[in-house]
Every structure is written in C-alpha cells, then in structure tokens.
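Hi everyone, thanks for coming. Let me put the structure on the screen, and then we can walk through it together.

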Amino acid sequence: MLYTVKGLVLRETVVNSNARYINVLTAERGRVSVLVRGAVRLRGRFTGSTQIFCYSEFVLYEREGKYTLNDASLIENYFHLCEDFDRMTVGTYVLNTAEYVTSEEQPEPEILRLALNTLWALTHYKDKELRLIKGVYEMRLAMLCGFAPNIVNCQVCGHGVEDSSMFLNVMAGSMTCKGCSDKIHKATYIENERTVDKMNTAQIVIPLAPASVLAMQHAIYADMPRLFSFALASELLPEFSSACERYLENHVDHHFAVLDMLAW
Ligand SMILES: [Zn+2]
C-alpha cells in the first residue's frame, strides 16, 4: 500500500552503507520511521530531501506497519540555520523535543506546524534573539502537550499581572503575585540551576518580571502567524528563556542534552 505524506525529518540512523532509517514527523500519521535504501552514498537519489532539517513530500510503501521510502521531493529545507552554531543547536533541540513528545501513528498537526514555524524563524529572523525564539517554542510546545500554565491571574488573589515580580510555580502550572507568594513560599525559591525533577515533588518557583510573564502569555495564546512577532527587553531574555526551558523539561520529565552545547 502506498501513502503520500508531508513531513519533517527529525533524525537519521545509518543501518549500513546502503540503508538508513529516517524519523519523520507527519501531520497525518504522527511520527513514522522510514527505511531509505541506497541513500547513504554521496549524491544518493533522495539525499536532498531526506536529511534532517528537510520538510518533504514522501511516498511511502507500507507493509505490516513498516514503511519504506518509495519517492521523496523536497518542499523546504532549513539548512541555512546550520551556518550559525547556536542556531543549529536550537534547531536540533526543536527536532529532538518534537521527536520526544510525539508518538508513532498519532497525528500531531499542530506540533508539526510549530516545529516548522520555529525552524523558519531560526532560519529567517537573523536579528531576532535566539533566546526569544527558543523560549516561545518551549512554552507553546508545553501548551500543545497539554501542560499550559495558568499565568493570566494570581492563583490565590486572582489579580492579573502586576508591576512587581510574579512567581511561576512550575509543577503546579500556576502563578502567584508577590504579596501572595511572600505568604505561601516565604519568598524562598530555588535558584535557576538546571534540574529535572523525576518525582514531581520539588517546588520549583521562579520569579519573573511582569514583561516576561506577558511574553509567556503571548507564546501560549498568540495566533501562529504572529507567534514570534514581539520583542522582549534584552535584560529579561535570560530569565524568560531559562523559565520556559525549565517549564518544558520538568513537565515532559526529560533533560535534552543538546542544550548543554549552548554557551549561555
Ligand atoms: Zn495574589
């Protein structure tokens, strides 16, 4: 049986000199593993459409739940982001996270769309701060996975974002204002070290400037075409990026090692 699907290549695994597997995120069938024959050698027939960072149309032959590539034609590639090490690293992180949170044969069109939009932003928005793109992606992905925090109101008194610091309770997915937070947490919180709490027991409470909270709200609620169309003061980018990263990592219970390559 032949299927035609569009998908983003997330990973390549070489089997031998004449065969490799590619992991592809498709809108229709979720993540699929596809055997590509004869493509490992230089200038193989499908090389330009089946490498990582390629979004292509694939014709797949399916037999007993296994897919073999029959044909592939490139729609768009994001190879230009590889011209900058940090952008390539964040791009790889996008592929790794998309792979981690999706399942085989479970359609995730919105996650595919987010990954493609983020790779496009990494490739084309040369002046856009990398931390902003990364943080927006992380918070939006957390939302699409069903982990969106309530960061519109203080969980205790119900007030909206105020002028003073707000406090994001990572595992509760909630936010408290400074006054309420002082009462609850006695103003203690864990510093921004990188941890993943496997048991979901630690209180991870991160102080955030009001503008960082508004940026997170944008990442969660903005229409996809406007997702990256905003700015955040450069001095707030480290806390925004770090908080979004910790939020995603703690909710999916996984640390993505590729991030350790960033010199931030
Ligand atoms: Zn409050």
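How many bridges join S6 to S8? There are 4 bridges between S6 and S8, and the two strands run antiparallel. A word on the names: helices (H or I, at least four residues) and strands (E, at least two) are DSSP runs, numbered from the N terminus. Two strands count as paired if DSSP finds at least two bridges between them.

Before going on, please keep in mind that this is a predicted model, in which local features need pLDDT of at least 70, side-chain atom pairs count only at pLDDT 80 or more, and totals for chains, interfaces and linings use all residues. Residues are numbered from 1 along each chain as its sequence is written. pLDDT is the predictor's confidence in each residue, from 0 to 100. The chain averages a pLDDT of 90, and 91% of the residues score at least 70. Residues 191–195 are where pLDDT stays under 50, and the model has 1 contact beyond four places in sequence for them. Contact here means that the C-beta atoms of two residues, placed from the backbone, lie within 7 Å. Where pLDDT is low, the predicted coordinates should not be read in detail.

Back to our strands. S6 and S8 belong to an open sheet of 3 strands, in the order S7-S6-S8, with antiparallel pairing. Its edge strands are S7 (174–177) and S8 (205–208), each pairing on one side only. Neighbouring strands in this sheet are turned by 30 degrees against each other on average, direction ignored (the axes are lines fitted to C-alpha atoms). If you want a pair to click on, Leu-168 stands opposite Ile-206 in S8.

Next, Gln-155, which sits in the loop between H4 (130–144) and S6 (166–169). The cut-offs are 20 or more other C-beta atoms within 10 Å for buried, 12 or fewer for exposed, and partly exposed in between, with C-beta atoms placed from the backbone. Leaving out residues up to four places away in sequence, Gln-155 touches Asn-150, Ser-174, Met-175 and Thr-176.

Now to the other end of the chain's numbering. S1 pairs with S2 over 8 bridges, antiparallel, and a hairpin joins S1 to S2 through 2 residues. Val-14 has Arg-20 in S2 as its bridge partner. S1 also pairs with S4 (residues 54–63), in the antiparallel sense over 7 bridges, and there Thr-4 stands opposite Val-59 in S4.

What covers the buried residues of H2? The cover includes S1 (2–16), S2 (19–26), H3 (109–124), H4 and H7 (237–252). Among the buried residues of H2 are Arg-87, Tyr-93, Leu-95 and Val-101. The 17 residues of H2 (residues 85–101) should span 24 Å at 1.5 Å a residue, and the end C-alpha atoms are 24 Å apart, which agrees. That expected span is 1.5 Å times one less than the number of residues.

Most residues other than glycine have a negative phi. Glu-105, in the loop between H2 and H3, has a positive phi of about 65 degrees although it is not a glycine. Glu-105 counts as exposed because it has 11 C-beta neighbours inside 10 Å. Asp-253, in the segment after H7, has a positive phi of about 60 degrees and is not a glycine either. With 12 C-beta neighbours inside 10 Å, Asp-253 counts as exposed. Thanks, everyone!

Note on methods. Axes fitted to C-alpha atoms, helices over the stretch in contact; angles between N-to-C directions.
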